[in-house]
Amino acid sequence: MSEATVRKLVTAIPGPKSQELHQNRLQHVSAGVGAALPVYIDHAHGAILTDVDGNQLIDLGSGIGVVTIGHTNDGVVKAVQEQVAKLTHTLFTVTPYQPYVRVCELLNKHAPGNFPKKSALFNSGAEAVENAVKFARKFTRKSEIVVFDHAYHGRTNLTMAMNFKAAPYGNGFGPLAGSVQHVPMSYPYRDPEGMTGEEAARRAITYIEKRVGAEDLAAIFIEPIQGEGGFIVPAPGFLTTLQAWARNNNVLMVADEVQAGIARTGKWFASDYEAGFEPDMVTIAKGIAGGMPISAVTGRADVMDAAHAGGIGGTYGGNPVAAAAAVAVLEQIEAGGVLEKAQAIEAFMLPRLLELQQRHSIIGDVRGRGAMLAIELVEPGTKNPNAAAVNKVVAFCSFL
Ligand SMILES: *Cc1c(COP(=O)(O)O)cnc(C)c1O
């Protein structure tokens, strides 16, 4: 880590300027848009945020897994500056431009699956998930979608219905979209002792067959490592057993890699950790463009070509400036060093977290891959969630 990667406090947190800005915000911004830490950021580089009062903070949030390449990454800044001075918008479906095509080419090359692939670009993770549902329905001519306990897929109407948690995502915002069925995830820490990935998959398949039936099911959507749900890594064999069932039943497998993809886990995609797992489509967003808003669906060429021209798109999808940023990120990963860095974070952190677990009985589980690691806090001697301990840790980390 560079010398500049240090925390440096010059005022109380939040500082006076942040407090003033926050009063202004409360007056003008919808209360529905929360604020976890009302510290107003002026600029950032690498892992360091500098707030409006001049405090330097280590960014443990990284924009929720977005600026994994680092804030104001040199390659991203250069690509954005060059592109913004050349062309900011045409609408790709009217008059195209090259950066869009280059992003698709890079994603087709590196996404999981040993088959011809094509891609389409959008603005947000939720929009990518919604479009993957469209592709799946159009290709299979079936309607139903299966998702898992603890899943998170977004905040649009369809993706709210695909989330596990009603609070805070869905409560009061209904009616939610139908044709979505929730089935049990593989959750090694909480599943019956010794349950294998194959057994957990058979449990899910029983639910699928009873609750939906293969003849109506278009696709199974799964995060290969769950993000918002708590970095839950399914037991080995879970993903491939589901995939084998899906292939036998003309059902598509969609890996939602919005959070776990793009080098975060130490491989290009979290799906790459399970040998033989080749999802028909992957959804991609967060880490792809160093903070610029862009997302993608990459998948089997025949699936991606099933939609009619004009059926897929949107005004801003694959915007030239965001696409240039994505090319900069993807080419840096290709050039080497980024995957290795995520692997090094695991090698550094995991033994320390396991050692902490030995000393603290509130740490029930340590899990994850690469830079996507988690501890699960429980009441000592049980597996009961320990919300009080979580709140204390969060408050300690954010000075509250
Ligand atoms: C964040 C997230 C989404 C939604 O992405 P947005 O860009 O916030 O719409 C979808 N799926 C997963 C797995 C996510 O982590």
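**Entry 1**

I began with Ile 64, which lies in helix H2 (residues 62–65). Helices here are DSSP runs of H or I with at least four residues, strands are runs of E with at least two, and both are numbered from the N terminus. The model is predicted, so I note that local features need pLDDT of at least 70, that side-chain atom pairs count only at pLDDT 80 or more, and that totals for chains, interfaces and linings use all residues. Residues are numbered from 1 along each chain as its sequence is written, and side-chain values use heavy atoms, with hydrogens and water left out.

Ile 64 is not a glycine, yet its phi is positive, about 60°. I looked up its accessibility and found 56% relative accessibility, which counts as exposed. Exposed means over 50% relative accessible area, buried means under 20%, and partly exposed lies in between, with a 1.4 Å probe and protein chains only.

I then turned to Leu 91, also a residue other than glycine, with a positive phi near 90°. Leu 91 sits in the loop between H3 and H4.

**Entry 1. Two cis peptide bonds**

I looked up the loop between helix H6 (157–162) and strand E6 (180–183), where Pro 168 lies. The peptide bond from Ala 167 to Pro 168 is cis, its omega near 0°. Pro 175 lies in the loop between H6 and E6 as well. The bond leading from Gly 174 to Pro 175 is cis, with omega near 0°.

**Entry 2. Thr 50**

I located Thr 50 in strand E2 (residues 48–51). Is Thr 50 buried or exposed? Its relative accessible area is 11%, so I record Thr 50 as buried. Setting aside residues up to four places away in sequence, Thr 50 touches Ile 41, Asp 42, His 43, Asn 55 and Gln 56; contact means heavy atoms within 4.5 Å.

I found Ala 79 in helix H3 (residues 74–86). Ala 79 is buried, because its relative accessible area is 18%. Apart from residues up to four places away in sequence, Ala 79 touches Ala 324 and Ala 328. Ala 79 and Gly 65 are 14 residues apart in sequence, and their C-alpha atoms are 21 Å apart.

Asn 108 belongs to helix H4 (residues 98–110). Its side chain makes a polar contact of 2.6 Å with the side chain of Ser 119. A polar contact is a pair of N or O atoms within 3.5 Å; within protein, one must be able to donate a hydrogen and the other to accept it, and residues adjacent in sequence count only if both atoms are side-chain atoms. Beyond its neighbours within four places in sequence, Asn 108 is in contact with Lys 117, Lys 118, Ser 119 and Thr 298.

**Entry 3. Helix H8**

I listed the buried residues of helix H8 (residues 238–248): Phe 238, Leu 239, Thr 241, Leu 242, Gln 243, Trp 245 and Ala 246. What covers the buried residues of H8? The cover includes strand E5 (144–148), helix H7 (197–211), strand E7 (217–222) and strand E8 (252–256). After H8 comes Asn 250, which has a positive phi near 55°.

**Entry 4. Nonpolar cores**

I looked up the largest nonpolar core, which has 81 residues; Ile 220, Phe 221, Met 281 and Ile 288 have the most contacts inside it. Such a core is a set of buried Ala, Val, Leu, Ile, Met, Phe, Trp, Tyr and Cys residues joined through side-chain atoms within 4.5 Å. Helix H10 (residues 320–335) gives the most to this core, with eleven residues. Apart from this core lies another, of seven residues, among them Ile 225, Val 233, Ala 270 and Ala 374.

**Entry 5. The ligand**

Lastly I examined the ligand. The residues around it include Ser 124, Tyr 152, His 153, Glu 223 and Lys 286, where near means a heavy atom within 4 Å. Which distances did I note for Ala 126, Asp 256 and Gln 259? A polar backbone atom of Ala 126 is 2.8 Å from an oxygen atom of the ligand. A nitrogen atom of the ligand lies 2.7 Å from a polar side-chain atom of Asp 256, and a polar side-chain atom of Gln 259 lies 2.9 Å from an oxygen atom of the ligand.
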